[in-house]
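Subject: Structure handover

Hello,

Here is the structure for you to take over. Please open it first, then read the notes below it.

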Amino acid sequence: QVQLVESGGGLVQAGGSLELSCVASGRAFSTYTMGWFRQAPGKEREFVASITASSSSTSYIDSVKGRFAISRDDAKNTIHLQMNSLKPKDTAVYYCNAVVVKHVRGVWVQAPAIGAWGQGTQVTVSS
């Protein structure tokens with residue numbers, strides 16, 4: 001069973017930066033598209049960013065484009081999320097997961113592929 005361990009969260013002022021990391025167990029890590037999701041208080045978990053195998057392509061939600069950058073190190077089974085120019089609305093628990101594309105209610109969405117989530121890492125941005 002794949003295990004996911006996120007780290008790097010914290011409390012930062014608006015405009016600040018954080019880098020999140022996620023270590024995944026499993027020998028097939030390099031073959032998966034991997035990504036980050038987040039869940040803010042009282043809201044559903046949402047997709048944030050993804051990176052395909054061999055880092056050939058990345059994808060971001062509009063609200064983080066130009067501020068966040070996802071990367072991966074397959075030798076260490078690790079993905080990173082560099083978050084710059086943080087805003088209070090980025091406050092959430094951030095999770096990593098493998099990513100699959102699903103057709104949901106007529107729309108193609110990037111969804112988590114692994115049912116078991118890690119503990120996540122809390123990011124709090126103060127104004």
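Cys22 and Cys96 form a disulfide, with their sulfur atoms 1.8 Å apart. A disulfide here is a pair of cysteine sulfur atoms within 2.5 Å. The torsion about the S-S bond of Cys22 and Cys96 is about 45 degrees, so the disulfide is right-handed. Cys22 counts as buried at 1% relative accessibility. Cys96 counts as buried too, at 0%. Buried means under 20% relative accessible area, exposed means over 50%, and partly exposed is in between (1.4 Å probe, protein chains only).

A word on the source. This is a predicted model, in which local features need pLDDT of at least 70 and side-chain atom pairs count only at pLDDT 80 or more, while totals for chains, interfaces and linings use all residues. Residues are numbered from 1 along each chain as its sequence is written, and side-chain values use heavy atoms, with hydrogens and water left out.

Now the chain as a whole. It has zero helices and eleven strands. From the N terminus on, the elements run β-β-β-β-β-β-β-β-β-β-β. Helices (H or I, at least four residues) and strands (E, at least two) are DSSP runs, numbered from the N terminus. The C-alpha atoms fill a box of roughly 40 × 35 × 25 Å, taken along the principal axes. With 127 residues, a compact globule would have a radius of gyration near 14 Å, and the chain agrees at 14 Å. That radius is taken over C-alpha atoms, and the globule rule is 2.2 Å times the number of residues to the power 0.38. Buried residues make up 40% of the 127 residues. Among contacts with a separation of 6 or more, 56% come from residues 24 or more positions apart. Contact means heavy atoms within 4.5 Å.

Next, the inside. The structure holds one cavity of 30 Å³ or more. About 40 Å³ of space lies in the largest cavity. A cavity is a set of points, on a 1 Å grid over the protein atoms alone, where a 1.4 Å probe fits but cannot get out; lining residues have an atom within 4 Å of a point. Grid points are joined across faces, edges and corners, and the volume is the space filled by probe spheres set on the points. Val2, Leu4, Ala24, Ser25, Phe29, Tyr32, Met34 and Ile114 line the largest cavity. By class, that lining has seven nonpolar, one polar and no charged residues. Ala, Val, Leu, Ile, Met, Phe, Trp, Tyr, Cys and Pro count as nonpolar, Asp, Glu, Lys and Arg as charged, and the others, Gly among them, as polar.

Strand β9 also holds Val99. Val99 counts as buried at 9% relative accessibility. Leaving out residues up to four places away in sequence, Val99 touches Thr33, Met34, Gly35, Phe37, Ser50, Gln110, Ala111 and Ala113. The C-alpha atoms of Val99 and Tyr32 are separated by 7.4 Å, and the two are 67 residues apart along the chain.

Two residues other than glycine have positive phi. Ser55 has phi near 55 degrees. Ser55 is in the loop between β5 (46-51) and β6 (58-60), and is partly exposed at 39%. Arg105 has phi of about 50 degrees. Arg105 is in the loop between β9 and β10 (107-112), and counts as exposed at 80%.

Ser57 lies in the loop between β5 and β6. Ser57 is partly exposed, with a relative accessible area of 37%. Beyond four places in sequence, Ser57 touches Ser50, Ile51 and Thr52.

Last, the start of the chain. Gln3 lies in the segment before β1 (4-7). Gln3 counts as exposed at 56% relative accessibility. Neighbours within four places aside, Gln3 is in contact with Val23, Ala24 and Ser25. The C-alpha atoms of Gln3 and Arg67, 64 residues apart along the chain, are separated by 28 Å.

Best wishes

Conventions. 1 Å grid on protein atoms, 1.4 Å probe; cavity = no way out; pocket = protein on both sides within 12 Å on 5 of 7 lines; lining within 4 Å.
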